[in-house]
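The following report is written for a reader who meets this structure for the first time. It turns to individual side-chain pairs, then to a sheet, and ends with the chain as a whole.

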Amino acid sequence: MKNLIVMNKSSVLVFLLVGLFVLCECEDEDQFLPVSPMVKKEQEALYSAIQGFVGNSWNGSDLYPDPCGWTPIQGVYCDLLDGYWHVTVLNIGLVFDNSLQCSPNAKFTHHLFELIHLRSLSFFHCFSSPRDNPIRIPSSNWERLSNSLESLEFRSNGGLIGTIPVSISYLKKLRSLVLLENGLTGDLPIELGNLVNLKQLVLAGNKFTGQIPPSLGGLTELLMMDLSRNNLTGTLMLTFGCNLTSLLKLDLSNNKLEGKIPEGIGRLKNATLLDLGRNKFSGGLIQSFQRLVSLKEMVISNNPLGGDLMGVEWGKLQNLEILDLSNMGLTGLVPESMAGMKKFKIFGAK
């Protein structure tokens, strides 16, 4: 009877230990289970899209089996939508030491456009060789991202050539378009004016030619427009600036723009920086400059403007700190009204 009791106690003890072990196993498994799953098709598209940029030797499914969970990929960010993880940010290129580094044969694949929840997409120093691996911005499929993409950036991609595809204009939610220091060429498409939600437009440091499309003057939400360091030519329409009243920064420097500076520039009442330097503007300073009451820095240097300083009531520019009017062929005296610029620090004129 005693032995039976001992046996029963032993059985109970074993049962309790086994139960505790099973419970611990279940708890451990729960710790490693993702709170929410990722759609398999989207996960595979992510791996394939990245592989196109970084090379076939990169095996995402092995390295990062849970890219939105416990094995995150540097430069990839996800949001929880409708109970599933979706990729909303994709940064390609050496932004940080452990960022995704592009291979010499980096290329776009159609898988990129299957990430239909993307809100931000950027490429930094990814396409580096215009001779060995020239790459163009895809001309199609952008409409697949039209309901999500808010920011598109290509920075320092010397091997990125060709023109801006018209299909970029399908990105109706785009708030920031940055194509900075690439090898892009050709005219600026008038369809960029369809991006009515843009707040930042930076196309500097490329090889764009032709005129600035009048349609850009209708981007009423813009806070920054930087078209500097290109080969843009022609004149600005007289009303340029009239509808850009939210603009904080306008930089058209280092181009080949010509003709008279439009009076509409004076409507940029919120602008803190205006740089029209190193162009071919002529016809003298415009009176409406005196309406730029928020301006802190104005650069008009290296233009054959001619004329004098007397036509502008400089004293109204109470916030102006830097004024560069050098190499413009100006004549006459410095007006007394300039003494009214209380924050004035730097003045250059010849």
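In this predicted model, the side chains of Asp-132 and Arg-131 meet in a salt bridge, with a distance of 3.5 Å from N to O. Asp-132 and Arg-131 are both exposed. By the rule applied here, the count of salt bridges comes to seven. Three of these pairs are described in this report, and the table lists their distances.

| Salt bridge | N to O distance |
|---|---|
| Arg-119 and Asp-79 | 2.9 Å |
| Asp-132 and Arg-131 | 3.5 Å |
| Lys-249 and Asp-226 | 4.0 Å |

In the salt bridge between Arg-119 and Asp-79, the closest N and O atoms are 2.9 Å apart. Arg-119 lies in the loop between β2 (84–93) and β3 (120–124), whereas Asp-79 belongs to strand β1 (residues 76–81); the pair therefore ties together parts that are 40 residues apart in sequence. Arg-119 has a relative accessibility of 35% and so counts as partly exposed. Asp-79 is partly exposed as well, its relative accessible area being 25%.

The salt bridge between the side chains of Lys-249 and Asp-226 spans 4.0 Å from N to O. This pair links distant parts of the chain: Lys-249 is in strand β13 (residues 249–251) and Asp-226 is in strand β11 (residues 224–226), 23 residues apart. Are these two residues buried or exposed, or do they fall in between? Lys-249 is partly exposed, with a relative accessible area of 24%. Asp-226, at 8% relative accessibility, counts as buried, because that value is under the 20% limit.

The report now turns to a sheet. Five strands form an open sheet in the order β8-β10-β12-β14-β16, and their pairing is parallel. In general, the strands of a sheet pair through backbone hydrogen bonds, either parallel or antiparallel.

Within this sheet, which residues stand opposite each other along β12? Strand β10 (residues 207–210) pairs with β12 in the parallel sense over two bridges. Gly-210 stands opposite Leu-232 in β12. Strand β12 (residues 231–234) is also joined by two bridges to strand β14 (residues 256–260), and these strands run parallel. Thr-233 stands opposite Lys-256 in β14, and the bridge partner of Gly-234 in β14 is Leu-257.

The chain as a whole can now be described. The protein chain contains three helices and 19 strands. It has 350 residues, of which 46% count as buried. Among contacts between residues at least 6 apart in sequence, 61% join residues at least 24 apart. The protein chain exposes about 17,600 Å², and carbon and sulfur atoms supply 54% of that area.

Technical notes:
Residues are numbered from 1 along each chain as its sequence is written. This is a predicted model: local features need pLDDT of at least 70, side-chain atom pairs count only at pLDDT 80 or more; totals for chains, interfaces and linings use all residues. Side-chain values use heavy atoms; hydrogens and water are left out. Two strands pair if DSSP finds at least two bridges between them. Helices (H or I, at least four residues) and strands (E, at least two) are DSSP runs, numbered from the N terminus. Buried means under 20% relative accessible area, exposed over 50%, partly exposed in between (1.4 Å probe, protein chains only). Contact means heavy atoms within 4.5 Å. Accessible areas come from the Shrake-Rupley method with a 1.4 Å probe; for residues, only the protein chains shown count as cover.
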